[in-house]
Amino acid sequence: MEIKLNHNEILFLQGESGIVGIIKVAKENKMLFIGTPDNEEIVQFLESDDLIAVSGFGTTPKYEKGIRALAYLTKEMDSPILVLPKDHPSSKRLSLVLSVGDKVQLDCNIRPGTHPEQDVLCSCDSLSGLWIEKTPEGVKLSREIENYKIEDF
């Protein structure tokens, strides 16, 4: 399933118990810094069509607002991504997590916030297994999704 998405829009995928928001990175290439549990910093080089995908673990309007805010911080403020150790107690309290790159797989069987690999993102059960991949015109989803919307970002 292909969905057209401009750089000034956000795509919301609605699951039964969570929402994923997707935006394009920017019109120009940029760098993103990822802080790891090993006190290292990974530099990820991003292309203009790359995606920022933010997963929220709830379905109320406040999650859409939070998704927009976290996507904005990453896209416009170059806010780094912080990765928690696998046993960190705060990972159980995260309400939003994100992934940035050319594709991302949604997975409900990982611990939120603990994966420095940017091709996997924790999500709700109903969206788990979905692959999201950038295209020049928008995004390609690995399966049909009925409940989605596109809004201005």
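Select Gln44 and display the residues around it: not counting residues up to four places away in sequence, Gln44 touches Lys30, Met31, Leu32, Ile34, Val100, Gly101 and Gln118, where contact means heavy atoms within 4.5 Å. This is a predicted model, in which local features need pLDDT of at least 70, side-chain atom pairs count only at pLDDT 80 or more, and totals for chains, interfaces and linings use all residues. Residues are numbered from 1 along each chain as its sequence is written, and side-chain values use heavy atoms, with hydrogens and water left out.

## Stop 1

Gln44 belongs to strand S5, residues 41-46; strands (E, at least two residues) and helices (H or I, at least four) are DSSP runs numbered from the N terminus. With a relative accessible area of 18%, Gln44 is buried; buried means under 20% relative accessible area, exposed over 50%, and partly exposed in between (1.4 Å probe, protein chains only).

Now colour S5 together with S4 and S7. These three strands make up an open sheet of mixed pairing, in the order S5-S4-S7. S5 and S7 each have a single partner strand and stand at the edges, so one side of each has no neighbour in the sheet. Two strands count as paired if DSSP finds at least two bridges between them.

How many bridges join S4 to S5? There are six, and S4 (residues 30-35) runs antiparallel to S5. To see one point of this pairing, select Phe33, which stands opposite Val43 in S5.

## Stop 2: strand S6, enclosed on both faces

Six of its six residues are buried, so S6 is largely enclosed by the rest of the structure.

Which strands pair with S6? S3 (residues 19-24) is joined to S6 by six bridges in an antiparallel arrangement. Two pairs can be picked out here: Gly21 has Val54 as its bridge partner in S6, and Lys24 has Leu51. S8 also pairs with S6, over six bridges and in the antiparallel sense. On that side, select Gly56 and its bridge partner in S8, Leu96.

## Stop 3

Keep S3 selected. It is mostly covered, as six of its six residues are buried. Ile19, Gly21 and Ile23 point one way from the strand, whereas Val20, Ile22 and Lys24 point the other way, and all are buried.

S2 pairs with S3 over four bridges in the antiparallel sense, and the two strands form a hairpin with four residues between them. The pair to display is Gln14 with Ile19, its bridge partner in S3.

## Stop 4: Ile67 in helix H1

Select Ile67, which has its place in helix H1. Is Ile67 buried or exposed? Its relative accessibility is 0%, so Ile67 counts as buried.

Display its surroundings next. Apart from neighbours within four places in sequence, Ile67 is in contact with Ile10, Phe12, Ile19, Gly21, Val54, Gly56 and Leu96.

## Stop 5: Val120 in strand S10

Go on to Val120, a residue of strand S10. Val120 counts as buried at 17% relative accessibility. Leaving aside neighbours within four places in sequence, its contacts are Ser99, Val104, Gln105, Asp107, Ile110 and His115. Between the C-alpha atoms of Val120 and Leu98, 22 residues apart along the chain, the separation is 9.1 Å.

## Stop 6: the largest pocket

Finish by selecting Ile81, Leu82, Val97, Leu98 and Gly113, which lie nearest the centre of the largest pocket among its 25 lining residues. The elements giving two or more residues to this lining are helix H1 (61-75), strand S7 (81-82), strand S8 (96-101) and strand S10 (120-122). S8 provides the largest share, four residues. On a 1 Å grid over the protein atoms alone, a cavity is a set of points where a 1.4 Å probe fits but cannot get out, and a pocket is an open set with protein on both sides within 12 Å along at least five of seven lines; lining residues have an atom within 4 Å of a point.
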